[in-house]
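Hello,

Here is the structure we spoke about handing over. Please look through it first; my notes follow below.

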Amino acid sequence: MAHPLDPLSADEFASAAEILRRDRGVEPGVPGGRPGRGWRFASIEMIEPTKAEITAADSGGAWPPRRAEVICFDRDENATYRGVVSLSEGRVEVFEHIPGVQANFTVDEFTECDELLRTHPDVVAALRRRGIENVDLVFFDTWTYGDAVAPAEFRDRRIGWSDSWVKAAPGANPYARLVSGLHCVVDLNAMELIALEDEGPFADGEPVPEVMGEYVPAHIPEHIRAAWTREPLKPLHITQPDGPSFTVEGNLLRWQNWSLRVGFNYREGMTLHTVRYRDGGRTRSVAHRMSFAEMIVPYRDPSPDHYRRTAFDIGEWGLGFMTTSLELGCDCLGEIRYLDAVLHNSRGEPYTITNAICIHEEDDAVLWKHVDHEIGAEVRRMRRLVVSFHVTVANYEYLVYWRFYQDGNIECEVRATGIMVTTPLPVGAANPNGTLVDERTYAPFHQHLLVARLDLDVDGPDNTVVMTESHAESVGPDNPHGLSMVQRNVPLRTEADGRQDVEFATQRAWKVVNPNVVTGLGAHPAYKLVPTGAIPAMFAPGAPVLERAAVIGHTLWVTPNHPDERWPAGQFVNQSVRDTGLARWTAADRWIENTDVVLWYVFGIHHITRAEDWPVMPVDVVSFWLKPFGFFDRNPALDVVGTPPDACHTAATAAHH
């Protein structure tokens, strides 16, 4: 039997869709078929039980019923519906029309747009006028719209817009050569072309620059490969002959003193639940749920090719739908365990992403060490548990790593890689909003702004968030050398207080404190959010992106926990014009002191593009930490067992010495 926090199974996805077909006539149409286009299932997601229900279930009580929320839309009526299905009872509990919104984009729509456009006579003719005869080399990359930049005459439809790219050869990089100025607007319900933009200097015969945009060795020109001088690396073998030190039972993961449950859904991708640490004879709560709730990627280039390019990769697309299968020995190293993930297509049919989540251990150098002149060196190696998943969102990859350490630290790291969007320039032209990366080709500046949703429960659900920062005291009689540095700690009491900005000059951070528990040292246990990757959004007030996503206007938001408040820019961000998330919720300025709180932390990458990022981008790394602060009475890693000396070097190393 599935644990209440286990993701939906293939049978449950199929059952949810079938129940809505049977009881509400939600019948998917044939892909691309018309008239009578039918329905699409945009998302099917488990409704998670409450904290009280989970506690009761883990204590031997009755397990709550399994339920699913379904977002679907009628293509003929351009109408979005929300359903709640009881999987345990096989019935529909709620089925309601949500007016004025568009559900998330589906993978099927993306694929069908490409198929439509490459066979459309107007598009083929436009390509031919530009000298592109082989449509098989063309790729149409369809994006969603924000309502503020959508064509006014089409705003009442479900629409997308496409870039056009042409490959140098079959199998070559599809994102190397933008067909600048050629954009298609598609009615996604009718799956028909409703506008064709064919403009700009390259439409009028401006010569297209020659670029080297290939990264696969077989497609890189020989004269470039001939200049390579790097020697191959000797093999590096990571072995654990006795197996890993962690255990996986279903979705329950245990390692050292940590335990947690791993979840997965279409929108957030991997989620982490009931994160606990065994401290002596006690199992202590650290977090109830941690995930990414939104990712906003605005391109900071107002040119015709890019002014529409602001992606809400989580709300418009879904990290789960974009998750890719991992390969042994390539994406992870060592003694690995994988978890598969099950999702569904727009007909409600389940499919499996094999090896969606990787779990493994890593050595991470020294954990703690001291050399005493009498007793010598005492040193412990650091081991960390890594839980990761990778997503491919069109041209970009995001590699997400949650790392758990033996000293109680948690690190969340995101690596961005993949292929930058580039744009050709006319002869003699420049662009102030990007960097030249190839012949007359620039990559526009942009930002990757991620929102982590952190439902921490530090020794219980009722916590207070405290802003903490360091200040140097003025020189005076009690501080004649100006050495005194003090801490300022300010409890955040309302949601207005909870809107916080990063301040590196004072090393501002935030502690999640349980004021109801006293440690052996007389302190209140806490975990500290250390912001190492926070960036300002840099938008002028009133900018459409800020209107749609007020969350990126601050580094941190703190709200009282509410089961319906999961998406910081609102549930329906596709074609949105106003934020229906944090901006609306926090207007009430609710009380957040000594209550069950959620932290919304905004961090990311301010990508001032480089030539070194082309044609494929080395990873750009950003992270944040959750560090115990007074949670333990002393170093919790004192009991880490020392590593035998013969495990620290190879036989060859020993012979050399």
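Which residue forms a salt bridge with Glu197, and how far apart are the closest N and O atoms? The partner is Arg308, and the closest N and O atoms are 2.9 Å apart. Please keep in mind that this is a predicted model.

Domains

My notes on domain contacts concern domain 2 and domain 3. On the domain 2 side 39 residues are in contact with domain 3, and 39 residues of domain 3 take part in return. Between them, domain 2 and domain 3 bury about 3,200 Å², with 57% of that area on carbon and sulfur atoms. Within domain 2, the residues that lose the most area to domain 3 are Trp143, Thr144 and Tyr175; together they account for 19% of what that side buries. Two salt bridges are found across the interface of domain 2 and domain 3.

Aromatic pairs

The structure holds 25 aromatic pairs. One of them joins Tyr601 and Phe603: the ring centres are 5.4 Å apart and the planes stand at 5°, so this pair is stacked. Tyr601 and Phe603 are both buried.

Phe603 also pairs with Phe624. Here the ring centres are 5.2 Å apart and the planes are at 75°, so the pair counts as edge-to-face. This pair links distant parts of the chain, since Phe603 sits in strand β29 (residues 595–607) and Phe624 in strand β30 (residues 617–628), 21 residues apart. Phe624 is buried, as is Phe603.

Elsewhere, ring pairs link six residues into a cluster: Phe105, Phe110, Phe139, Trp165, Tyr175 and Trp317. Tyr175 in this cluster is also one of the domain 2 residues that lose the most area to domain 3.

Charges over rings

Arg158 lies over the face of Phe73, at 4.1 Å from the ring centre. Arg284 lies over the face of Phe632, and its distance from the ring centre is 6.0 Å.

Regards

Conventions:
Residues are numbered from 1 along each chain as its sequence is written. This is a predicted model: local features need pLDDT of at least 70, side-chain atom pairs count only at pLDDT 80 or more; totals for chains, interfaces and linings use all residues. Side-chain values use heavy atoms; hydrogens and water are left out. Rings of Phe, Tyr and Trp (its six-membered ring) pair if their centres lie within 6.5 Å; planes under 30 degrees apart count as stacked, over 60 as edge-to-face and the rest as tilted. Buried means under 20% relative accessible area, exposed over 50%, partly exposed in between (1.4 Å probe, protein chains only). Helices (H or I, at least four residues) and strands (E, at least two) are DSSP runs, numbered from the N terminus. A charge sits over a ring if NZ of Lys or CZ of Arg is within 6 Å of the ring centre and within 35 degrees of the ring normal. Contact means heavy atoms within 4.5 Å. Buried area is the accessible area (1.4 Å probe) that two parts lose on being put together, summed over both. A salt bridge is a side-chain nitrogen of Lys or Arg within 4 Å of a carboxyl oxygen of Asp or Glu.
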